[in-house]
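Thanks for coming, everyone. Please open the model on your screens, and I will walk you through it.

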Amino acid sequence: MRPEILFPLFASVSTLKGVGPRVAALLEKLDVTRIVDLLWLLPHGHIDRSQRPNVEDAEPGVTVTLTLNILEHRPGRTDKQPYRIYAGDETGVIGLTFFRPRRDWLERQFPPGERRIVSGKLERYGDQLQMVHPEHVADPDKGEDVPLREPVYPLTAGLAPKALRNAIVQSVERAPEMPEWQDAAFKSQNRFPDWQVALRLVHSDGAIAVDAAVGDPDMLARRRLAYDELLANQLALALVRQRMRRQGGRALNVRSDGKVAEMRTALPWPLTRAQDRVIGEIMADLADPTRMLRLLQGDVGSGKTAVALLVAVAVVETGAQVALMVPTEVLARQHARTLTEMGAAIGLRVEALTGRDKGKGRAAILQRLSAGEIDLVIGTHALFQDSIQFRDLGLSIIDEQHRFGVHQRMLLSAKGRKTSDVLVMTATPIPRTLAMTAYGDMDVSRLDERPPGRKPVDTRVLPADRADAVIDRLCGLMARGERAYWICPLVDDEGESDAAAAEARHRELQQPFGTKVGLVHGRMKPEDKDAALVAFAEGRTSLLVATTVVEVGVDVPEATVIVIEDAERFGLAQLHQLRGRVGRGEKPGHCLLLYRPPLGDTARKRLEVLRNTDDGFLIAEEDFRLRGGGDLLGTRQSGLPPMRLASVERDQDLLAAAHDDARLIINTDPELQGKRGPDLRTLLYLFERDAAIRYLKSG
């Protein structure tokens with residue numbers, strides 16, 4: 001149960017006055033079903049209604065608030081003609097203009113001879129000033145007035161701004177005074193208001209008296225609430241980290257000699273200094289009795305697979321097993337083939353296990369796995385299933401973590417007799433601020449050096465009308481036995497699917513290339529995708545038309561060219577991943593980015609960055625700067641709720657402070673029992689960090 005103080009905030013919006021079934025259904029379209037959701041629905045702007053001139057001084061084109069005497073009504077001769085009410089003060093007269101109004105309502109609202117306060121945008125119609133459909137009308141003789149500043153909220157069709165504003169005002173009134181969970185010194189240093197005051201300020205109509213000397217009150221209030229959300233996020237991740245570490249690690253007696261040394265000798269290339277450094281960090285974690293939770297970031301071609309293999313060999317030599325989880329069946333079987341070949345020198349027993357394995361074949365794999373006759377199993381999310389049992393799972397390696405979530409990696413690692421160590425790998429370099437949000441529960445290692453011999457991929461940017469010249473170039477390339485990818489564009493929601501775009505391009509390219517053209521996209525059956533990739537890898541097809549299903553992990557050394565259509569629609573990180581599919585063999589790689597002019601500024605900068613650098617970490621930071629964090633990995637996939645108040649890219653200073661504060665809190669008070677503990681538990685409940693709350697309750 002949530003703390004009692006929060007009960008009013010988690011009530012349904014239908015408990016508010018004026019929110020019936022129709023309005024509640026409209027609010028649900030804004031992801032608003034509870035009062036707390038209304039509190040987090042912050043305005044995206046404000047209308048200034050503080051200008052209160054007399055009629056003579058009022059300027060057309062500006063929103064003004066006027067106090068007027070109602071003079072006369074002039075209805076239109078037909079319903080299609082406007083209804084005008086003339087009103088003025090001692091300096092002049094304006095017209096209040098209405099189209100298709102209810103006459104009885106106008107007569108009640110604007111009785112001649114009485115005063116009214118009206119607010120709206122003033123316009124000039126011929127020689128006459130007019131206000132079309134005033135946005136606010138108030139009766140000053142009843143003590144009514146117009147807000148000085150009106151918040152502007154996101155809306156949906158059919159939801160009147162007044163109805164939403166009414167619901168939000170009631171929600172703010174229900175927000176209780178809360179115990180202060182922020183550090184007093186940090187709060188004072190940043191001039192943050194109290195929580196309840198911050199809520200009232202961001203939803204304010206300007207009626208709250210504030211001390212302007214401390215800075216912009218709206219900005220400070222927003223930063224206060226953003227920090228609350230970031231602190232809840234970072235605290236939840238720190239608690240998840242604490243829980244995973246406390247579930248019981250073990251010290252594995254890993255060695256750098258023996259089978260690991262043999263495996264290093266058998267590799268076709270020497271390890272880089274970065275690989276040596278990262279292997280040392282992982283081996284130290286494995287040997288420590290504390291559970292390992294480590295994220296390995298490596299740019300395209302940095303040698304993550306070799307690191308994973310050597311670490312796996314070290315674990316297997318202790319008698320334990322290793323599981324490698326990947327996002328797709330295609331990638332699982334490719335890894336299985338690669339690691340079987342690489343591990344053959346030391347007798348490493350490797351097996352793939354995916355959802356495609358059925359019947360007796362699957363039963364045999366499961367029996368061998370539980371008996372300890374498989375050293376390294378590679379699979380997809382099928383590895384989570386209860387029927388899969390290990391004899392002794394010592395290490396879980398999760399590749400391309402952004403396709404999974406926090407809870408999925410916890411499920412896999414819990415399959416060991418003692419909860420296994422966890423190594424997460426990603427080929428998508430992650431900006432530091434985004435890593436803190438999505439992977440704040442993990443230590444981080446970086447492979448920032450390429451193996452010797454890997455040359456940069458030559459990248460060219462070409463307009464789409466050069467496609468025929470590109471096809472001519474591919475003819476010569478394929479005649480020399482080389483292979484190429486042709487990546488089809490992302491397609492708008494209103495248009496055809498990516499699969500249809502790929503199929504159409506495949507048909508076009510069959511005309512010059514015939515059966516040498518393969519096709520793979522996400523809507524194909526898994527076995528058909530596998531067959532297309534194997535045919536390309538074996539050279540039975542020389543040109544593979546594909547969607548972004550080949551973005552990660554597909555390894556065909558003979559592929560030397562990749563063509564990406566409508567490259568301006570892709571993100572920088574995704575383009576970099578696609579480019580990494582070529583140049584993996586002895587011959588240099590080439591990437592041709594086809595775009596449709598004219599290019600917008602952001603798209604142009606994106607393509608320029610890709611053309612000018614192949615540093616994945618630099619590219620990730622630039623991608624983050626150009627389009628923000630939401631589209632990179634998606635913090636939603638971290639297993640925690642999405643941000644509603646904070647912006648990872650805008651509030652980087654607050655995120656760094658929240659990250660440090662959360663780590664310090666958990667290091668000194670692991671169960672939140674100390675002085676700030678109860679208040680911080682309230683914060684976690686408020687922002688619904690349920691995984692952290694469950695941990696505290698279990699503790």
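**Starting with helix H1**

In helix H1, four residues are buried: Val 23, Ala 24, Leu 26 and Leu 27. Look down the axis of H1. The buried residues fall within an arc of 160°, so they line one face of the helix. Now turn to the face pointing away from that buried side. There you find the exposed residues Pro 21, Arg 22 and Glu 28. And what do the buried residues of H1 pack against? They pack against H2 and H4.

Before we go on, a caution: this is a predicted model.

Stay by H1 a moment. The loop between H1 and H2 holds Asp 31. Phi of Asp 31 is positive, near 65°, and this residue is not a glycine. Most residues other than glycine have a negative phi, and most peptide bonds are trans. Is Asp 31 buried or exposed? Its relative accessibility is 60%, so Asp 31 counts as exposed.

**The whole chain**

Let's step back. The chain has 699 residues, and 54% of them are buried. Its secondary structure comes to 23 helices and 21 strands. Take the contacts between residues at least 6 apart in sequence. Of those, 74% join residues at least 24 apart. The accessible surface of the chain is about 30,900 Å². Carbon and sulfur atoms account for 48% of that surface.

Next, the interior. In soluble globular proteins, nonpolar side chains tend to be buried together. Here, the largest nonpolar core has 68 residues. Which of them touch the most other members? Leu 9, Trp 195 and Leu 686 do. Several helices give two or more residues to this core, among them H1, H2 and H4. Others on that list include H6, H7 and H21, and also H22 and H23, which spans 690–698. The largest share comes from H7, with 11 residues.

Zoom in on Trp 195. Leaving out residues up to four places away in sequence, its contacts include Leu 9, Trp 40 and Trp 181. Trp 195 also touches Arg 224, Leu 225 and Asp 228, as well as Leu 686.

There is a second, separate core of 44 residues. Among its members are Val 278, Met 292, Leu 309 and Ala 320.

Move on to Gln 321, in strand S10. Is this residue buried or exposed? At 2% relative accessibility, Gln 321 counts as buried. A polar atom of its side chain lies 2.8 Å from the backbone nitrogen of Arg 391. Beyond its sequence neighbors, Gln 321 touches residues including Leu 369, Gly 372, Phe 390 and Arg 391.

Leu 369 brings us to helix H12, where it is one of the buried residues.

H12 itself runs over residues 359–370, which makes 12 residues. From first C-alpha to last, H12 reaches 17 Å, close to the 16 Å expected. After H12 comes Gly 372, with a positive phi near 80°.

**Helix H11**

Helix H11 covers residues 329–343. H11 reaches 20 Å from its first C-alpha to its last, close to the expected 21 Å. How many of its 15 residues are buried? The count is 11, so H11 is mostly covered. Among the buried ones are Glu 329, Arg 333, His 335 and Met 342.

**Two loops to finish**

Last stop, two loops. Arg 191 sits in the loop between helix H5 and H6. Its phi is near 60°, positive in a residue other than glycine. With 47% relative accessibility, Arg 191 counts as partly exposed.

The other loop lies between strand S21 and helix H19, and Pro 598 is found there. The peptide bond from Pro 597 to Pro 598 is cis, with omega near 0°.

That's my tour. Thank you.

How values were computed: Residues are numbered from 1 along each chain as its sequence is written. This is a predicted model: local features need pLDDT of at least 70, side-chain atom pairs count only at pLDDT 80 or more; totals for chains, interfaces and linings use all residues. Side-chain values use heavy atoms; hydrogens and water are left out. A nonpolar core is a set of buried Ala, Val, Leu, Ile, Met, Phe, Trp, Tyr and Cys residues joined through side-chain atoms within 4.5 Å. Buried means under 20% relative accessible area, exposed over 50%, partly exposed in between (1.4 Å probe, protein chains only). Contact means heavy atoms within 4.5 Å. A polar contact is a pair of N or O atoms within 3.5 Å; within protein, one must be able to donate a hydrogen and the other to accept it, and residues adjacent in sequence count only if both atoms are side-chain atoms. The expected span of a helix is 1.5 Å times one less than its number of residues. Accessible areas come from the Shrake-Rupley method with a 1.4 Å probe; for residues, only the protein chains shown count as cover. The arc is that of the directions from the helix axis to the C-beta atoms.
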